[in-house]
Amino acid sequence: MKKTDSNEKRGGIYIHIPFCVRKCAYCDFLSAPADEKTQAEYVKALQTEIYQTAKLLSENPYTVDTVFFGGGTPSILAPGHVKALADTLRESFPFAENAEITIECNPGTLDEEKAAVYRQAGINRISFGLQSANNRELKMLGRIHTMEEFVKSYETARAAGFDNINIDLMSALPGQTFESFLHTLDTVLALKPEHISMYSLILEEGTALYEHLDRYPALPDEDTERQMYDTACLRLADNGYHQYEISNFAKEGKACRHNLSYWERKNYLGFGTGAASLLCEQRYTNTDSLALYIDTMAELEEKKEVISKALAAVRAEQHTLSVPEQMEEMFFLGLRKNSGISEADFLGKFGKTVDDIYAQVLEKNQKFGLLVRENGRIFLTKRGREVSNVVMSEFLLD
Ligand code: SF4
C-alpha cells in the first residue's frame with residue numbers, strides 16, 4: 001500500500017461542551033444542564049486533556065487548521081472559560097495563519113460581552129442553532145428561544161464583527177407545513193448569513209419527542225418532506241448559496257472547513273466527553289461519563305506529568321482502521337460532498353484504483369443514474385442524494 005503523509009501533522013480540533021440550559025424534545029446529543037461549579041471543573045479538565053495531548057504529540061507537532069467548539073451549548077459557558085480554552089489551545093499547538101475557529105451558539109445565550117470575548121479569543125465563525133422561525137414550532141421542540149431572541153443574538157454577533165455566520169434549520173417537524181418551512185427559509189435568507197445547514201428531523205429513541213410522539217401534531221409525509229428539501233435547494237441556489245454537501249449551503253468561500261475535513265477524512269483531535277478523534281488512521285472516542293472524565297483529568301493535573309495511561313483511561317473506544325475500513329469511509333464520507341471523491345486520491349492513498357475495489361458497485365449505481373464519474377471524480381446525482389444512505393451502504397466491504 002502506498003502511504004501518504006500529507007495531512008499527518010495538521011488538522012482540526014473539536015471541543016465538546018456537554019451542557020445545555022435544558023434538553024430539547026428531539027435531542028439525543030451528549031448534553032445536559034449543569035451548575036457553574038461543574039462547568040468550571042469541566043473546563044479545567046479540558047485544559048488538562050489539551051495540554052497533555054499536545055505534550056504527547058510534541059515530537060511531531062500538530063498544526064491546527066480549524067477549531068470547532070460544539071455541544072451541547074458552548075455559549076452557555078462564562079466567556080472567560082471560552083477564552084481560557086482558546087488560550088490553552090494556542091499555547092499547546094501551533095496554529096495555521098488563517099485557522100477557522102467556530103463556536104456553536106444557542107440563541108438567547110449570546111450577549112455583547114460574550115461576543116466581544118469570542119472575538120478577542122480569535123473565534124471567527126459563529127454557528128447558530130435556530131431550527132425554525134416559527135415560535136410555535138420552537139416551543140414544541142423545547143427550544144429555549146423565540147425567533148425574536150434569535151434575531152437579537154444574530155445582530156449582536158454582526159455588531160461584534162462576525163462576518164462568517166451559519167444558521168442551522170430543521171425540516172420535517174411535527175405539524176410543519178410546506179408553507180411554514182418556506183417561511184422559515186425566507187426569513188433566514190433575508191438575514192443573509194454566509195452559511196445555512198438544513199437537516200431533516202430524525203426521531204431518536206429515548207428522546208421526549210420519540211417517547212410521546214402521540215402528543216405532537218403529525219409529521220409531514222415523505223412527499224412533503226422531499227418537496228421542502230427540493231424547493232430549499234433551488235431557493236438557496238437562487239440566493240447565491242452553493243450546495244457543497246447534502247445538508248450544507250454556503251456563499252462563495254464560506255464552506256465550513258472544519259466539517260469538510262471530516263468528510264475528507266483529515267485528522268481531527270476531539271477533546272471532552274464523547275469526543276471522537278482520528279489521527280493517522282487511529283480512531284478513538286472519549287468516555288460519555290462526565291464524572292470519570294473530570295476525575296481522571298484532575299488526577300493527571302495533580303501529578304503534573306504526561307501519563308498516556310491516564311489519557312487512555314478516558315477512552316471509551318480505540319481502534320486502528322484497517323485498509324478496507326479506510327476505503328469504505330473514503331466513499332461514504334466523501335460522497336456526502338457534492339464534489340464527491342477523487343479517483344487519484346484513492347489511488348494515491350491505497351495504491352489501487354477505484355475499479356480494482358468497487359467496479360461492480362460503481363457500474364450499477366451509474367446505470368441507475370445515482371452516481372456520476374467525470375473528470376476523475378465520483379459524485380452522487382440529485383437522485384443519488386435522495387437515496388444517499390442506500391448508495392453509500394453499497395460501498396461497505398465485507
Ligand atoms: S440546544 Fe442542541 S445540544 Fe442542547 S438540548 Fe437542544 S438540540 Fe440538544
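**Exercise 1. Polar contacts and the domain interface**

Determine how many residue pairs are in polar contact between domain 1 and domain 2 of this predicted model, and describe the interface.

*Solution.* 

Step 1. On the side of domain 1 that touches domain 2, the elements giving two or more residues are α8 (222-238), β7 (242-245) and α9 (257-263). Sorted by class, this side of domain 1 holds 5 nonpolar, 2 polar and 3 charged residues.

Step 2. The bounds of the two parts are 10-263 for domain 1 and 323-393 for domain 2. Each contributes to the contact: 10 residues come from domain 1 and 10 residues from domain 2. The C-alpha centres of the two domains are 29 Å apart.

Step 3. About 920 Å² is buried between domain 1 and domain 2, and carbon and sulfur atoms give 51% of this area. Within domain 1, the residues that lose the most area to domain 2 are Gln 243, Ile 246 and Trp 263, which together account for 52% of what that side buries.

**Exercise 2. Salt bridges**

State how many salt bridges the rule finds across the interface of domain 1 and domain 2, and explain which parts of the chain Lys 337 and Glu 264 tie together.

*Solution.* 

Step 1. Side chains of opposite charge can pair when their charged atoms come close. The criterion applied here is a side-chain nitrogen of Lys or Arg within 4 Å of a carboxyl oxygen of Asp or Glu.

Step 2. By this rule the count is 18 salt bridges, and 2 salt bridges are found across the interface of domain 1 and domain 2.

**Exercise 3. The ligand shell and the backbone**

Classify the residues of the shell around the ligand, and examine the backbone at Gly 72 and Arg 265.

*Solution.* 

Step 1. The residues surrounding the ligand include Cys 20, Cys 24, Cys 27, Gly 72 and Arg 143. The shell divides into 5 nonpolar, 4 polar and 3 charged residues.

Step 2. Most residues other than glycine have a negative phi, and most peptide bonds are trans. Gly 71 and Gly 72, however, are joined by a cis peptide bond with omega of about 15°. Gly 72 is located in the loop between β2 (63-71) and α2 (79-92).

Step 3. Arg 265, a residue other than glycine, has a positive phi near 60°. Arg 265 is placed in the loop between α9 and β9.

**Exercise 4. The surroundings of Phe 95**

Identify the residues in contact with Phe 95, leaving aside its neighbours within four places in sequence.

*Solution.* 

Step 1. Phe 95 is part of strand β3 (residues 95-105).

Step 2. With those neighbours set aside, Phe 95 is in contact with Thr 63, Val 64, Val 67, Leu 89, Arg 90 and Ile 101.

Step 3. Ile 50 is 45 residues from Phe 95 along the chain, and their C-alpha atoms are separated by 14 Å.

Notes:
Residues numbered from 1 in each chain as written. Predicted model: local features only at pLDDT ≥ 70, side-chain atom pairs only at ≥ 80, totals over all residues. Heavy atoms only, no water. Near = heavy atom within 4 Å. Nonpolar A, V, L, I, M, F, W, Y, C, P; charged D, E, K, R; others polar. Domains from an automatic or database assignment. Contact = heavy atoms within 4.5 Å. Buried area = accessible area lost by both parts, 1.4 Å probe. Polar contact = N/O pair within 3.5 Å; in protein donor to acceptor, adjacent residues only side chain to side chain. Helix = DSSP H or I, 4+ residues; strand = E, 2+ residues; numbered from the N terminus.
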